[in-house]
Amino acid sequence: MNIIEMRSIYRDNLSLSNDESDFIYKIILKELCNIDPIKIALEPNFNLSSVSENKLIQKMKMIIDNYPIDYIINKKNFYGNDFYVDENVLIPRPETEELVDWLINDHLKIDNQKRVIDLCTGSGCIGISIDINNSYLDVTICDISTKALKVCEINKKNLNSNVKIIELDLNLISEVNKKYDIIISNPPYLHPSESNQLDKNVRYEPEIALFTPKDNPLHFYEKILDFASINLTKKGLIYLEINPNFTKEFNQILSNYSINHVNFKDDFRGKKRLVKLIF
Ligand SMILES: C[S@@+](CC[C@H](N)C(=O)[O-])C[C@H]1O[C@@H](n2cnc3c(N)ncnc32)[C@H](O)[C@@H]1O
């Protein structure tokens, strides 16, 4: 079968526009078959090997089942760098890039070291992006999931980062030796009642990365603020991604902590999803 005939199979079978279908086809050609998609235009009669053919059909079936393309190619671009991703970690989202950008821009002009901790790091995308963008920021990344921490190790190596990686369960917080100046986190924040509103491909992401306990949608924010109460320096900063559907409840829990300043920011979709706290 040639490269154009396979494109038609994709177009006919994926319930997408031709442009969207071609986009996916080209990614799989390039990333998994090592075939430059320019061949579609330059060599329309290019014959696919049976190995490529089987791979393309098999991956197309996964796409039909809503399996995320980022897991298929084990890659997601985040803040300008390709992160390795697999089913053990959340696929980094563009809203989270805005959170990272906020912290990085706030610290462009620092000339002394600051200690940063990325709680609930998943693939490590937040902490590693910060680390490779500012050498004054001494970054630690942590997660409860040992499988996610293995993904962090891969990304640390691939991206030449110096982050420290530690296993940490936010439910079992203890005092650290040396305090942090900055906490950043995108913790699990979907309430289980929201699960039926999610895109179908989200069901392949780890549940532990998505959902809060049923009885407390603010569970992880309380844990982060408890962590901050004992491990953040005076006037330390906290950058958080929050669930826009629970902003009111989030504001309520803040009154239990001694916070000096709260600054909400809309994400690019106009949702109140990002917040900076000064302790
Ligand atoms: C929403 S994902 C965020 C991943 C990454 N920070 C990102 O923005 O793409 C939340 C992460 O929290 C971790 N997590 C869940 N429960 C935790 C706990 N009790 N302590 C620490 N991490 C936890 C999950 O393993 C998951 O990697």
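In the predicted model, seven strands form an open sheet with mixed pairing, in the order β5-β4-β3-β6-β7-β9-β8. Strands (E, at least two residues) and helices (H or I, at least four) are DSSP runs numbered from the N terminus, and two strands pair if DSSP finds at least two bridges between them. Because β5 (164-167) and β8 (261-266) stand at the edges with a single partner strand each, one side of each has no neighbour in the sheet. From one strand to the next, the twist averages 20 degrees. Residues are numbered from 1 along each chain as its sequence is written. Local features need pLDDT of at least 70 and side-chain atom pairs count only at pLDDT 80 or more, whereas totals for chains, interfaces and linings use all residues.

Strands β6 (residues 180-185) and β7 (residues 232-241) pair in the parallel sense over five bridges. Ile 183 stands opposite Ile 238 in β7. Two helices pack on the sheet, with contact taken as C-beta atoms, placed from the backbone, within 7 Å. Helix α8 (residues 146-158) touches β4 (137-143) and β5, and its direction makes about 175 degrees with that of β5. Helix α10 (residues 219-231) touches β3 (114-119), β6 and β7, and its direction makes about 160 degrees with that of β7. Axes are lines fitted to C-alpha atoms, for helices over the stretch in contact, and angles run from 0 to 180 degrees between N-to-C directions.

Asp 266 has Lys 272 in β9 as its bridge partner. The two strands form a hairpin with five residues between them, and Gly 270 in the turn has a positive phi of about 80 degrees. Of the six residues of β8, zero are buried (20 or more other C-beta atoms, placed from the backbone, within 10 Å of a residue's own), so β8 lies largely in the open.

The ligand is surrounded by 23 residues (C-beta atom, placed from the backbone, within 6 Å), the closest being Cys 120, Gly 122, Ile 144, Leu 170 and Asn 186. Helices α7 (125-133) and α9 (207-210) are the elements that give two or more residues to this shell. The shell divides into 14 nonpolar residues, seven polar and two charged; Ala, Val, Leu, Ile, Met, Phe, Trp, Tyr, Cys and Pro count as nonpolar, Asp, Glu, Lys and Arg as charged, and the others, including Gly, as polar.

An automatic or database assignment gives domain 1 (3-65) and domain 2 (87-278). Their C-alpha centres lie 37 Å apart.

Methods. A residue is buried if 20 or more other C-beta atoms lie within 10 Å of its own, exposed if 12 or fewer, and partly exposed in between; C-beta atoms are placed from the backbone.
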